[in-house]
Structure formats: C-alpha cells, structure tokens
Amino acid sequence: MKATVKRTLAPRAVVLATAAAVALVGGAGAATAFADDDGPAPQSSVQLSKSERTLDGAAKDGAQVKGDKVGQSEATAKALKAVAGTATSAELDSVDRSGSLIWEVDVLGKDHKNHEVTVDAGNGKVLSQHADRDDDGASDAAETQALVKADKTGHAKATATALKAVPGTVVSYSLDDNDRSGSAVWEVDVLGKDHKSHDVTVDAVTGKVLNQHIDQDDHNDQDNQGDNDNGSDDD
C-alpha cells in the first residue's frame, strides 16, 4: 500500500504537446510546451540549464537544490494555504524539456480527497492544484487517511529529525507504509553536505530514525566511475 508515488518525471506523465495544445498555449514558447492529463505543464520562474537537465542522482539533486529559492517548508506552507488539510509528500522536481523547477506537494484535503499542488521553486507561487481524479482516487484517499490517522509525527518533525541524522537539504518527503511491517513511516530524501543523496526512514509514531543509507543510485554511479577509472589505468 502506497500513500504516494515518488515521481521521476514532473509532474505525472509529461508528454509533448499536440498541435492543438500549441495553438492553445500560443507565443514563441509554444513549440516547447508540454501537456499532461491536467493541461500544460507548469512554467516556473527558475529553470535548470540544458546541461543540468541531463544529470541524475545526487548531481541532479545538487543542481535542483542550487536553483531552489523556496525550500520544502515554505513550499509545503504555500500548498496548505491553497488546499487546507495535511501534507503527505513533497518533492523538488523539474520539467524535463523546459527545466522548470517546481515543488510538487500532495495534500490530503479536509474534503477527504488527495490533492496535488504545484509550487514555483523560485518564488513560492502556486502554479496549479487539482484533486486526484484517477479511477482509484477514492481507495487511494482512504489509504492516505489511514496513514494520516496513524501518524503522530508530521512532516515538519520528520524532516527535522532526518536532517539531524544527515545534515543537508531535504529534496523530498513522503508518508508511506513500511514494506516489511506495514507501519506508517516518513521517507525523507536528503542531499547531504557530503554531496550524496541519502534516504532516511523515520517512524511516524515514535519519530525515531529507523534507517538511513546512501541512495543506491549513488553507489552505482560511484561503482561505474570506479570501473571507468580502472579501465583508464589499464590503457
């Protein structure tokens, strides 16, 4: 059971706009417009450079953190002003082609629906917000409500605890269920001061750190780099 799904593309399934969408958007920027099921992809006040858009892992996190002017706390606060309720996840992300830097915040609203709020990472402006309209929206909301009911920690304390374990910058957090025990946990991703991406798991009931480790992608990148270095030495 998953309360939220971490996205690697921003936001939802982003696809190139059709000619009709280009006509709708208009202007010089229309040729590079994106659209998803909820309309054109958001355009923020800050963007990653073309070279930064090709990065991944900790390098991508570092570029996004450098460009971010808002931070997860302010982004969450802006989202909660737009949709009253409980924040269950937030992620610093960028639109692939335009590089627009955004925070995507999920809120369980007081209307008992899951809402996604997109916040400009440059100025904190809410760019869009909509309720989950998926076929499984009602059941997903019920699962989220169960997790929120079990949670005794909240995103603010969970992220603060994660930062004590790994000093750095929070790039995402999510209220989820533990794959093994089924208990509620906060999964917090931190770009550490060591320039590595760390995954920190915080118990949603006790507020204690259950686990923290360097993201496996970073390990793979380091291993690949080591292999490349070894290959160079052999030449």
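**Exercises on a predicted model**

The accessible surface of the chain comes to about 12,300 Å², and carbon and sulfur atoms hold 50% of that area. The model is a predicted one. Its chain contains seven helices and eleven strands, and 44% of the 235 residues are buried.

**Exercise 1.** Determine whether the length of helix H6 (residues 154-165) agrees with 1.5 Å a residue, and find where its buried residues lie.

*Solution.* 
- Step 1. The buried residues in H6 are His155, Ala158, Thr159, Thr161 and Ala162.
- Step 2. Viewed down the helix axis, the buried residues of H6 fall within an arc of 160°, so they line one face of the helix.
- Step 3. In general, an α-helix has 3.6 residues a turn, so residues three or four places apart point the same way.
- Step 4. The packing partners of the buried H6 residues are H4, strand E4 (85-94), strand E8 (168-177), strand E9 (184-192), strand E10 (197-203) and strand E11 (209-214).

**Exercise 2.** Describe the largest nonpolar core and the surroundings of Val190.

*Solution.* 
- Step 1. This core has 31 residues, and Trp103, Trp186, Val188 and Val190 have the most contacts inside it.
- Step 2. At least two core residues come from each of H4, E4, strand E5 (101-109), strand E6 (114-120), H6, E8, E9 and E10.
- Step 3. Beyond its neighbours within four places in sequence, Val190 contacts residues including Ala162, Leu163, Val170, His198 and Val200.

**Exercise 3.** Place Lys69 in the chain and identify what it touches.

*Solution.* 
- Step 1. Lys69 sits in the loop between helix H3 (57-67) and helix H4 (71-82).
- Step 2. With a relative accessible area of 57%, Lys69 is exposed.
- Step 3. Lys69 and Asp120 are 51 residues apart in sequence, with their C-alpha atoms 9.1 Å apart.
- Step 4. Not counting residues up to four places away in sequence, Lys69 touches Ala121 and Gly122.

Methods
Residues are numbered from 1 along each chain as its sequence is written. This is a predicted model: local features need pLDDT of at least 70, side-chain atom pairs count only at pLDDT 80 or more; totals for chains, interfaces and linings use all residues. Side-chain values use heavy atoms; hydrogens and water are left out. Helices (H or I, at least four residues) and strands (E, at least two) are DSSP runs, numbered from the N terminus. Buried means under 20% relative accessible area, exposed over 50%, partly exposed in between (1.4 Å probe, protein chains only). Accessible areas come from the Shrake-Rupley method with a 1.4 Å probe; for residues, only the protein chains shown count as cover. Contact means heavy atoms within 4.5 Å. The expected span of a helix is 1.5 Å times one less than its number of residues. The arc is that of the directions from the helix axis to the C-beta atoms. A nonpolar core is a set of buried Ala, Val, Leu, Ile, Met, Phe, Trp, Tyr and Cys residues joined through side-chain atoms within 4.5 Å.
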